[in-house]
Amino acid sequence: MANVTKKYPGESRWKGWWYLLPALLVYLLFTFLPILETIRSSFYQWDGFSQNKVWIGLANYVELFSDPKFHNALRNNLIFVIFYSLIPILIGLFLASMLSRRPIPGFAFFRTALFLPQVISMVVVGVIWRWMFNPTFGPINSLLRQIGLDVFAISWLGDFTWALPAVGSIGTWVQYGFCMVLFLAGMQHIQDEYYEAASLDGANAFKQFIHITVPGLRSEIAVALVTTIIAALRVFDLVYTTTRGGPGETTMVTGFLIYRAAFTNNRIGYAAAIATVLTLIILIISLFIRRYQQQGSEEST
Amino acid sequence: MKKRTIFLSISLALMILLSACAKPASPTDQAPVAGTEEEVLLVWDQFYRDEESKVIETLNAEFEAAHPGVRIQREVKVLDDLRTTVKLALTKPDGPDVAQVNQGRNDMGALVEAGLLLPLNSYLNQYNWGTVFSTSVASRNSFTEDGKTFGTGNLYGVSPTAEVVGVFYNKGIFNKNGWDVPTTFEDFEALLAEIKAAGITPISFGSLDGWNAIHEFSAIQHLLVSLDYINNLTYGVNNVSFDTPENRQAAQILLDWANAGYFSDGFPGIGYDDSNNLFKAGNGAMTITGSWLAPELMVDTDQEFGFFLLPPYEGQTGLAIGGVGIPFAIRKTSEKQELAAEYLNWMISPRAAELWAEAGMLPAMALPEDSKLETKNLFGDTLNAWNTINQANAVGHYIDWATPTFYDTLVAELQKLLGGISTPANFTEAVEADYAAYLQSQSK
């Protein structure tokens, strides 16, 4: 056998690896090493600039798991998953099926307009919505007052009940366009014959949607889930520009805790520990979704 | 041949990458530029607003003119930016020689502890700074050498500007309704009710950003406590508590004002800048904030504003939150320490005082005796207030300096108090928990 490979026509295969090297170096240097360095820092007590770096083992993690602020932030992140991921995927599915099945005049315009929030910088989005939600001169409350719903004209971002849903719904506004475009692309791969056969069998539009469109979009839905859940778990800029975690701690998220620990409280080690745990959570969720997606595609073949 | 090219290009790429990771060259490696004897002083400051920046530019140009061969290389940053980058920059041999360093434990204290700032005691004597600022001002820029104790020990910075928290009021609204500036706290509260009854927002205020709620609370608190208490609390000495009847009372007053509708409608959802813009546009009779707002209220508006200290209870002298602005400090490893100290002295000169005053900002130092500055305006009001509390030894503190997490705790707890989630007693207990934990960690 060894002889066969040796005499195989063409040049030796190992050369191909050289082409990977530049990208690999960049990856190692700017992604992998910083991750390792973050994990290493999480075992130290360090302010980020002095020589005074003390190994404290797992103490940061012990503190983290008993920190009610971390529990609260993580819970808020999970609520953000509803607004960043579940609702946008439902809206995306709905809009995509509206736009894809029958020709609509101005299709390209709708697709672009609905996708637009996705391309605006998150900081700009935050500033815009802070103004939209302003209780005195924001358009949302002006509108509510004009149609006589004065009782609903509350101070959205400062309200202990409504601040989190308000910030979350900004996330929905940003993410649904992405889901829609993803699903629109996926729907082009579903053959029309399925729909024809289904309608001959008497399935209505809703049944077709549930039994043909949704299964056909399995891998697109998985991609949408992974990206939007990651966005929900690492949200920082939106909270920073709208509420800074307030009122009280109602919109506090782990990303903001990391920023605060690292840059205002000089606790790099503790910040690194939060970041490491957050990364692990994201990894586990992503693996879980991929597994589910693969299982699904095996079943369908 | 081909193989060699690939190998060479890879080695080259590696070398570039490795050299990028290598430590920066030490200053001795850098040959002086031929033909110039120019000495460059690298300065980082946070005076980014137009009128502030002009003051620094003028002072820098005059410094260069008075010191031939010296060039000032200035880098301006927004405060948040400066705070996050200056710490690391001060560890570098080519970092800023002079930088503005925020007061308090997380910034100046941490830098002193890391041994990165130069103690200025010898320059204090050399330049007679004792005649420029009081010991109370000096203690705000002082730490013990280990960076642990605030308010005492070595001097590490000098502040060019001063600040006092008080009440801005709309003169037009006051005149039209025949209201006078109140002189006692009782009158002030009566006035609040009167303004509210007239259908005007008494105090323009928004707590969305959080930090200015600390000022609203603490301004009231300062009327109820002694200077010793505020000093002890801020500098973490003599084991005082935050959970006191006075602090509870101050929280209760703040809550009563909120419940009586004395603040802007929907104030929990309004940011600091938005609330100021509403006030500047004539919405609201008063706003409680620092004198730093004065320059902004003197331009681009058809309204006329005045300033007074939150008046004390009848028969008492009240304290006011006040202090000096972010100080200039010198990097310990700088090779131009003498020149840097001269620059610091320049920044707190009578000339600097004059330029700051012209820009509408309170200077931390006395104005020249022959100053012809116009003071029958808003700036004059803030200057009067500052002089009043200085002469009465009634300059209080920003209480959020007290512990490294005090700011975050105060913001969250005040929002809970104003949102009706907690009571004044819950508030003082929660803040005391933070304070007691810090005192305990310090005594270990």
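Chain B contains 18 helices and ten strands, where helices (H or I, at least four residues) and strands (E, at least two) are DSSP runs numbered from the N terminus. The radius of gyration of chain B is 25 Å, close to the 22 Å that the globule rule gives for 444 residues, so chain B is as compact as a globular protein of that length. This radius is taken over C-alpha atoms, and the globule rule is 2.2 Å times the number of residues to the power 0.38. The structure is a predicted model, in which local features need pLDDT of at least 70 and side-chain atom pairs count only at pLDDT 80 or more, while totals for chains, interfaces and linings use all residues. Residues are numbered from 1 along each chain as its sequence is written, and chains are lettered from A and ligands numbered from 1 in the order in which they are written.

Along its principal axes, the C-alpha trace of chain B spans about 90 × 50 × 50 Å. Of its 444 residues, 46% are buried; a residue is buried if 20 or more other C-beta atoms, placed from the backbone, lie within 10 Å of its own, exposed if 12 or fewer, and partly exposed in between. Two residues are in contact if their C-beta atoms, placed from the backbone, lie within 7 Å. Among contacts in chain B between residues at least 6 apart in sequence, 77% join residues at least 24 apart.

Chain A has 14 helices and two strands. Its radius of gyration is 25 Å, whereas a compact globule of 301 residues would have one near 19 Å. The C-alpha atoms of chain A fill a box of roughly 85 × 75 × 30 Å along the principal axes, and buried residues make up 34% of the 301 residues.

The two chains meet in a contact that takes 34 residues from chain B and 32 residues from chain A. On the side of chain B that touches chain A, the elements giving two or more residues include helix 1 (2–21) and helix 17 (406–418). Helix 17 of chain B gives the most, with five residues.

Ala166(A) is found in helix 8 of chain A and is buried, with 24 other C-beta atoms within 10 Å. Leaving aside neighbours within four places in sequence, Ala166(A) is in contact with Phe133(A), Trp156(A) and Leu157(A). Phe133(A) lies 33 residues from Ala166(A) along the chain, and their C-alpha atoms are separated by 8.4 Å.

Helix 10 of chain B is followed by Gly236(B), whose phi is positive, near 70°.
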